[in-house]
Amino acid sequence: MAREDVLVTADWAEENLDTPGVVFVEVDEDTSAYDSGHIKGAVKIDWKDDLQDPVRRDFVNQEQFSQLLSERGIANDDTVVLYGGNNNWFAAYAYWYFKLYGHESVKLLDGGRKKWELDARDVTTEVVKREPTNYVAKPLNWDLRAKRDEVEAAIGVKNLIDVRSPDEYAGRLLAPAHLPQEQSQRAGHIPTALSVPWSKAANEDGTFKSEEELRELYVGEAGLDETKSTIAYCRIGERSSHTWFALRELLGYEDVKNYDGSWTEYGSLVGVPIALGDEPGTK
Amino acid sequence: MSDSCAAPDQDLALPASVDLEKETVLSGTVVNDEGELVQGAYVRLLDGTGEFTAEVVTGEGGQFRFFAAPGKWTLRALSRYGDATGEIEAARGVNETKLAVSR
């Protein structure tokens, strides 16, 4: 898969704002960013209200996803261009959903909202209205999603990539440093997991690094075994969607899964092995 | 506790649930050449080895806030007015910094 099949540049986006069959979607946890100004024609998806099940601790199912996209006026044959804040974490997470539910053509806007803002490109507060569609999502593709038992079985067997910050990996911090640290789960990482913070895959302006730089990062520096399957995780699965995108969509590794339960689930499990400190640890 | 990893609104007051006896807070404001508060600046926290740790976006008050640990940290701000870098030796409690961005 080529970079241009999965990523669009800000210049491309600006030239295709009115192209029929191209739908821009802003994905954020806090949609006040969208309301204060968004890319012209973009519809919004709220990470929490639209993509998470309101009752169970899980994300929306096939029917809920179909209903959401129908309401937003997105058709099965549209090319969806996703972007958002936080260096595209939520957009990457949504990208993963679109792939989980079998959408054919979906891309990320490289650099997301951050690059768009730093470039001082136009945003608008115009209300976007699209006609509803009859979107039909495909059954969830489990080739892309890892669950806890599979993760525990992967210790010392598959590549496990921990994409949190080095201090979270080592167990010195329990959450990203912009959040308070009071947590119920244990600190540390899954034994044998390699530490490759998500941020290493991105440039300072939020765009993804080149494929050459990414391959050097994961294989050269971190020691990812290219002959093995890979599972990426973080704290709740957003930052690891970003890395999942880099590994599967940009570098083209076939068997890469995102463990969306991530550390909030794993670090709360009774009896599972945990490694502390800066080293991966052993099985 | 937030359900996601996104940065909360940086203009809000420090939540009452935050225990300053335990937390190490790095906070401050971003200003431009004219001394005006900069909204929408991207502020990153880098650890003692220069590794990325977290990033927030300043709100209307130009404010940012991180929850870290005592020690040496670097703050890096990017904005449409330019960039800034600041070093900080943090202790438990609140540590205030001002970042002046310029081209």
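In α5(A), the residues Trp89(A), Phe90(A), Ala91(A), Ala92(A), Tyr93(A), Ala94(A), Tyr95(A), Trp96(A), Tyr97(A), Phe98(A), Lys99(A) and Leu100(A) are buried, where buried means 20 or more other C-beta atoms, placed from the backbone, within 10 Å of the residue's own. This is a predicted model, in which local features need pLDDT of at least 70, side-chain atom pairs count only at pLDDT 80 or more, and totals for chains, interfaces and linings use all residues. Residues are numbered from 1 along each chain as its sequence is written, while chains are lettered from A and ligands numbered from 1 in the order in which they are written.

User: At about what angle does α5(A) run to β5(A)?

Analyst: Helices (H or I, at least four residues) and strands (E, at least two) are DSSP runs numbered from the N terminus. Helix α5(A), residues 89–100, lies across β2, β3, β4 and β5 of chain A, contact being C-beta atoms placed from the backbone within 7 Å. With axes fitted to C-alpha atoms, for helices over the stretch in contact, and angles from 0 to 180 degrees between N-to-C directions, α5(A) runs to β5(A) at about 175 degrees.

User: Which strands of chain A stand at the edges of the sheet?

Analyst: Five strands of chain A form an open, parallel sheet in the order β1-β5-β4-β2-β3, two strands being paired if DSSP finds at least two bridges between them. Inside that order, β2(A) and β4(A) pair over five bridges. The edge strands each have a single partner, so one side of each is left without a neighbour in the sheet, and they are β1 (7–8) and β3 (43–46) of chain A.

User: Which residue in β4(A) is the bridge partner of Glu26(A)?

Analyst: Strand β2(A) covers residues 22–28 and strand β4(A) covers residues 79–83, and the two pair in the parallel sense. In β4(A), the bridge partner of Glu26(A) is Tyr83(A).

User: Is Glu117(A) buried or exposed?

Analyst: Glu117(A) is found in helix α6 of chain A, residues 112–118. Because Glu117(A) has 23 C-beta neighbours inside 10 Å, Glu117(A) counts as buried.

User: Which element gives the largest share of the side of chain B that touches chain A?

Analyst: The contact takes 25 residues from chain B and 31 residues from chain A. On the side of chain B, the elements that give two or more residues are β2 (42–46), β3 (52–57) and β4 (63–68) of chain B. The largest share, five residues, comes from β3(B).

Terms used. Two residues are in contact if their C-beta atoms, placed from the backbone, lie within 7 Å. A residue is buried if 20 or more other C-beta atoms lie within 10 Å of its own, exposed if 12 or fewer, and partly exposed in between; C-beta atoms are placed from the backbone.
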